[in-house]
Amino acid sequence: PGIDSSTGEVEDGEPAVFRHTLVAGSTGKGKTHFTKNILRQFASEKRYPISHHDTGEEQQQRLNLVILDPENEYWEMREDNEGIVNEEKVQQKLRRHGIKHGGIDDLEVFVPQVRGANAPSTMESRELTIPFEVVRGRPEMLMPYKPTEVTRGAIEDCINAYFSCFGQGGYPSRPTNRPTYTDFLAFLSKHDDEESRLRAENDIQGGTWSAINRRVDRDTFNAVFDQGTDFLPDISDEVFREGQVTVIPTSHLHGGKDSLAVLSILSYIIENKIDDYQVDPAVRDTPMLVAVDEAHNYFASADSLREEYILRRARVAVKQGRKYKLGLCLITQNPDDIDDDVIKQINTNIFLGLKADVVDDVPSIPSDFKKDLPNFGKGQAVVKAPDVEAVEVVGLPYCLTKHGN
């Protein structure tokens, strides 16, 4: 349900899109094909009510669909499936059932710029710069590990001191218009002397100071932060825009670079959705569905402070998604790895074929289907949501948009 197009009234019921979705299936079971067909249905003129973050006034906005794409497949959704286009009988059947199909005109690709990584081929695309500014108020983003409490506290003190240079009443201003990672390192170098203001005020001794510098001076940070000119906060109204499908491919990123880039983008979305102070209106005031492929890489049990931070905020986001009009669609071959508190908040579960050992570890799989799921064919799935009986379906033999694989 959304806004009735004829009366402008809010339709009865709670939109399931903001109560989250899981699509799980082993490799080769048609997971991406199936997901594209589902996501295509959300690229529509449907509007949802959402309260303006400043005035509280209710607005009517279309959905912004954001897809984090690790395999460089979802940008194809801007193109028609030529097989469908050339088959009038197929098109008639889809129209009769109200199924949206064809390429999406309002689809934009934003490629994160990372040093040493070749951007994937996506036809038309724009650059996206992940700024060091995302660390402001989120010092855990610089902690892909678990430091001692003393080192953690000292790193947080250093980060807070640096960002105070760009505010009032803090340290002297820096020779740059905006915070950057390289300038942060220069700021630390300036305070290398143990008598410096930074170290004296925060009682940072020699051993701790050495640990700080080892922790924050990393090639991954250098490669990801501030690469390019299209900084995310500056172009957020173009990235997060009502009615648009936004694809962010990350197939060119690996290891720590992939983790830092994706978690930075996720944290930016989540924080600006659920916080109340100095939020980005492009995010806060737009209904959003965020689809995350290979979700087990980002929402699994935390092994570092950065992952703990993202999980902590994600748990809040999934609980308050209906309030802030934020839905998550998690796509994975390893649903058993996703954090339990996140999984519990997911309303709609779609299970394609899964290995027997995975089926045994996922409590949300309907018991009547546990024996059969390992033998499901390509495109065969079970759909389960609260208060309704589990339904077995077979996916369409064709994709509603282009699917090259």
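How many helices and strands are there in the chain? Here is a friendly tour, point by point.

1. **What you are looking at.** This is a predicted model, in which local features need pLDDT of at least 70 and side-chain atom pairs count only at pLDDT 80 or more, while totals for chains, interfaces and linings use all residues. Residues are numbered from 1 along each chain as its sequence is written, and side-chain values use heavy atoms, with hydrogens and water left out.

2. **Helices, strands and overall form.** The chain has 15 helices and 12 strands; these are DSSP runs numbered from the N terminus, with helices being H or I of at least four residues and strands being E of at least two. Its radius of gyration is 23 Å, close to the 22 Å that the globule rule gives for 405 residues, so the chain is as compact as a globular protein of that length. That radius is taken over C-alpha atoms, and the globule rule is 2.2 Å times the number of residues to the power 0.38. Along the principal axes, the C-alpha atoms fill a box of roughly 80 × 50 × 40 Å.

3. Of the 405 residues, 53% are buried (buried means under 20% relative accessible area, exposed over 50%, and partly exposed in between, with a 1.4 Å probe and protein chains only). The accessible surface comes to about 18500 Å², and carbon and sulfur atoms account for 42% of that surface. These areas come from the Shrake-Rupley method with a 1.4 Å probe, and for residues only the protein chains shown count as cover.

4. **Contacts along the chain.** A contact means heavy atoms within 4.5 Å. Taking contacts between residues at least 6 apart in sequence, 73% join residues at least 24 apart.

5. **Charges.** There are 47 positive and 67 negative side chains, and the centres of the two sets lie 2 Å apart. Lys and Arg count as positive and Asp and Glu as negative, leaving out His and the chain ends; each charge is placed at NZ of Lys, CZ of Arg, CG of Asp or CD of Glu.

6. **The nonpolar cores.** A nonpolar core is a set of buried Ala, Val, Leu, Ile, Met, Phe, Trp, Tyr and Cys residues joined through side-chain atoms within 4.5 Å. The largest one has 87 residues, and F225, F299 and L330 have the most contacts inside it. Helix α10 (residues 255–274) gives the most to this core, with 10 residues. Another core, of 25 residues, lies apart from it and includes V23, L63, L107 and I331.

7. **F299 up close.** Beyond residues up to four places away in sequence, the residues that F299 touches include L266, L311, L330 and I338. Its partners also include D337 and D339.

8. **Helix α5.** Which residues of helix α5 (residues 181–190) are buried? They are Y181, D183, F184, L185, F187 and L188. The buried residues of α5 pack against α4 (149–164), α6 (197–202), α7 (206–216) and α8 (219–224).

9. Q61 sits in strand β3 (residues 58–62) and counts as buried at 15% relative accessibility. Among the residues it touches are K46, R47, E242 and D285. Q244 is in the loop between α9 (232–239) and β7 (245–249), and is buried with a relative accessible area of 1%. The C-alpha atoms of Q244 and L107 are separated by 5.8 Å, although these residues are 137 apart along the chain. The contacts of Q244 include L63, N64, D106 and E108.

10. **Positive phi values.** Most residues other than glycine have a negative phi. E294 is not a glycine, yet its phi is positive at about 55°; this residue lies in the loop between β8 (288–293) and α12 (305–319) and is buried, with a relative accessible area of 14%. D387 also has a positive phi, near 70°. D387 is in the loop between β11 (380–384) and β12 (391–394), and counts as exposed at 82% relative accessibility.

11. **Two threonines in loops.** Is T286 buried or exposed? T286 counts as buried, at 6% relative accessibility, in the loop between α11 (281–284) and β8. Residues in contact with T286 include I50, R62, F240 and K325. T27, in the loop between β1 (21–24) and α1 (31–40), is exposed with a relative accessible area of 63%.
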